[in-house]
Amino acid sequence: MSTAELAPSILLVEDDQMDIMNVQRELRKHDINVPLHIAKNGREALSLLKGEGGQNQIQKPSVVMLDINMPRMNGLELLEALRSDPEFVGLNVFIMTTSDLETDRLKARDLAVSGYIIKPLNFDQFGEGGSTVDGFSLFLDLLRLKD
């Protein structure tokens with residue numbers, strides 16, 4: 001089965017339950033009904049992607065939404081691991097953070113992220129400019145292409 005034939009899905013790597021619920025609500029609000037896999041940190045996400053540590057392996061997601069600030073393995077550490085793995089080097093990864101630090105943006109850009117999203121997430125802000133446009137307009141386009 002080629003990647004084009006895989007059903008769309010999202011891997012959300014986020015340790016904050018409120019942010020997880022916010023993402024779920026925004027997806028529902030916009031009728032994006034694709035499987036949402038949730039990992040609480042980078043290590044858990046790698047286990048899901050690779051089927052390690054007793055986890056069932058998930059199919060490669062269409063999009064990874066990745067919080068930067070997490071315990072055990074943060075988002076940038078996970079992104080480095082994904083970019084160094086031939087199987088996951090091409091994943092569409094969107095960084096989510098409350099931080100608008102230039103150093104975080106530069107590091108994320110160096111690791112070839114698809115977009116950078118400032119939390120809290122709100123799809124309704126897209127057409128109004130601001131820092132959320134680059135990440136989530138592309139994110140929505142990706143999901144629509146694969147539906």
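Buried residues make up 46% of the 147 residues in this protein. Buried here means under 20% relative accessible area, exposed means over 50%, and partly exposed lies in between, using a 1.4 Å probe and protein chains only. The model is predicted, so local features need pLDDT of at least 70 and side-chain atom pairs count only at pLDDT 80 or more, while totals for chains, interfaces and linings use all residues. Residues are numbered from 1 along each chain as its sequence is written, and side-chain values use heavy atoms, with hydrogens and water left out.

Start with the overall layout. The protein has five helices and five strands. Helices (H or I, at least four residues) and strands (E, at least two) are DSSP runs, numbered from the N terminus. Along the sequence they follow the pattern β-α-β-α-β-α-β-α-β-α. Among contacts between residues at least 6 apart in sequence, 63% join residues at least 24 apart. A contact means heavy atoms within 4.5 Å.

Strand 1 (10–13) pairs with strand 2 in the parallel sense over four bridges. Two strands pair if DSSP finds at least two bridges between them. In this pairing, valine 13 stands opposite alanine 39 of strand 2. Strand 1, helix 1 (residues 17–29) and strand 2 form a right-handed β-α-β unit. Right-handed means that, with the strands pointing away from the viewer, the path from the first strand over the helix to the second runs clockwise.

Strand 4 comes next. Five of its six residues (92–97) are buried, so strand 4 is largely enclosed by the rest of the structure. Strand 3 (residues 63–67) pairs with strand 4 in the parallel sense over five bridges. Methionine 65 stands opposite phenylalanine 94 of strand 4. The chain goes from strand 3 through helix 3 (residues 75–83) to strand 4, and this β-α-β crossover is right-handed. Strand 4 also pairs with strand 5 (residues 115–118), in the parallel sense and over four bridges. There, threonine 97 stands opposite isoleucine 118.

The largest nonpolar core here has 25 residues. A nonpolar core is a set of buried Ala, Val, Leu, Ile, Met, Phe, Trp, Tyr and Cys residues joined through side-chain atoms within 4.5 Å. Those with the most contacts inside this core are Leu11, Val13, Leu66, Leu78, Leu82 and Ile95. The elements giving two or more residues to the core are strand 1, helix 2 (42–50), strand 3, helix 3, strand 4 and strand 5. A second, separate core has 12 residues, including Leu12, Leu27, Met96 and Ile117.

Leucine 66 sits in strand 3 and is buried, at 0% relative accessibility. Its C-alpha atom is 4.8 Å from that of isoleucine 95, 29 residues apart along the chain. Leaving aside neighbours within four places in sequence, leucine 66 is in contact with Val13, Gly75, Leu78, Leu79, Val93, Phe94, Ile95 and Met96. Leucine 78, not counting residues up to four places away, touches Val13, Gly42, Ala45, Leu46, Leu66 and Met73.

Asparagine 41 caps the N-terminal end of helix 2, with a side-chain oxygen 3.0 Å from the backbone nitrogen of arginine 43. Glycine 51 follows helix 2 and has a positive phi, near 70°.

One position carries an annotation. For "modified residue: 4-aspartylphosphate", UniProt lists Asp67, in an unreviewed entry. Such annotations may be inferred rather than shown by experiment; positions use the numbering given here, and feature names are shortened. Aspartate 67 is found in strand 3. It is buried, with a relative accessible area of 4%. Beyond neighbours within four places in sequence, aspartate 67 is in contact with Val13, Glu14, Asp15, Gly75, Met96, Thr97 and Lys119.

Last, a loop residue. Valine 113 lies between helix 4 (102–110) and strand 5. Neighbours within four places aside, valine 113 is in contact with Leu79, Arg83, Val93, Ile95 and Ala108.

How values were computed. A polar contact is a pair of N or O atoms within 3.5 Å; within protein, one must be able to donate a hydrogen and the other to accept it, and residues adjacent in sequence count only if both atoms are side-chain atoms.
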